[in-house]
Amino acid sequence: MKRDDLTDPLLSGNKYRKLHHLIEQPASTLQEVWSHGGLQSNAMLAMAALCQRKGWQFHYLAKVARHVSQNPVGNLALALDLGMQLHEVAVDVYEQKLQSLRQLSQPGTLFLPQGGADPLAQQGIARLAQEIVDWQCEQDIETLAVVTPAGTGTTAFYLAHALPTLQVLTTPMVADADDLRMQMGVLGSIPENLTILTQQKRYRFAAPYPEFLQLYEALLHAGIEFDLIYGVRMWHTLLHHLSDISAEILYVHSGGLTGNATMLTRYR
Ligand SMILES: *Cc1c(COP(=O)(O)O)cnc(C)c1O
């Protein structure tokens, strides 16, 4: 297990990796960061924490959900406490607003796509890959499969690119395998060592399922907490395919545990 979840409580796991280029950037180079997406997003929280530490203003565009934003909980409450400025817009103008954000070009202002799905993420993920290779050498492991869940697929994509001699296994959380391939295709050609595992049953993104709660508890009992949206579901799919995998398995824990409180409330 690669314990990337222990990097930083707010900037955890692959968000730390994906934002690494900004973490290293001098604070004086930016004033404002804009992004967009869901109101419980782990990427949103990571960006809010980063901007707070750098002294950058953080603006976040989201589709209006007043019942959520008037009683903020979970990642949204944490991000607002960190100074995030939330801009809620009606569903029918969201795309239009987003389009104008993408065209922002004032110096000192940066637009980050949803989930940090940006070529700038490559640098930090390449560093993760190097740590994995070093560890593999140290442990003298011949064949290694690296497992990590896919939201936007940015992490799995750049990991596979940076680890051409290893197998990288992932599974789509938000869409199906074809949609994931399409989204990854925006970043470049999909490496051959990247395998997208799937299951017959269709799961809705971030929805509660009894089998996930059961596995969450089993993993917790085994000693490690995983996030209920990505990690547990990745494990569920991985266990389903386990008999087909002959390599040793390294699971990259991508953090995201701050979201578990709201997920557990929904399970209750
Ligand atoms: C954001 C997140 C992911 C998805 O990462 P992508 O690079 O968008 O595929 C996976 N796992 C956890 C825990 C996350 O927070």
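Me: Buried means under 20% relative accessible area, exposed over 50%, and partly exposed in between (1.4 Å probe, protein chains only). Is D140 buried or exposed?

Reply: D140 is exposed, with a relative accessible area of 71%. This is a predicted model, in which local features need pLDDT of at least 70 and side-chain atom pairs count only at pLDDT 80 or more, while totals for chains, interfaces and linings use all residues. Residues are numbered from 1 along each chain as its sequence is written, and side-chain values use heavy atoms, leaving out hydrogens and water.

Me: What is the phi of D140, and where does D140 lie?

Reply: Its phi is positive, about 60 degrees, although D140 is not a glycine. D140 sits in the loop between α7 (122–139) and β5 (144–147); helices (H or I, at least four residues) and strands (E, at least two) are DSSP runs, numbered from the N terminus. A206, also not a glycine, has a positive phi near 60 degrees. A206 is in the loop between β7 (194–196) and α10, and counts as buried at 18% relative accessibility.

Me: How do α10 and α12 pack?

Reply: Axes are lines fitted to C-alpha atoms, for helices over the stretch in contact, and angles run from 0 to 180 degrees between N-to-C directions. Here α10 (residues 210–222) and α12 (residues 260–267) pack at about 130 degrees, with axes 11 Å apart. The two helices are therefore oblique to each other (under 35 degrees is roughly parallel, over 145 roughly antiparallel, 65 to 115 roughly perpendicular, the rest oblique).

Me: Which residues of α10 and α12 meet?

Reply: F212, L213 and Y216 in α10 meet N260, L264 and Y267 in α12, contact being heavy atoms within 4.5 Å.
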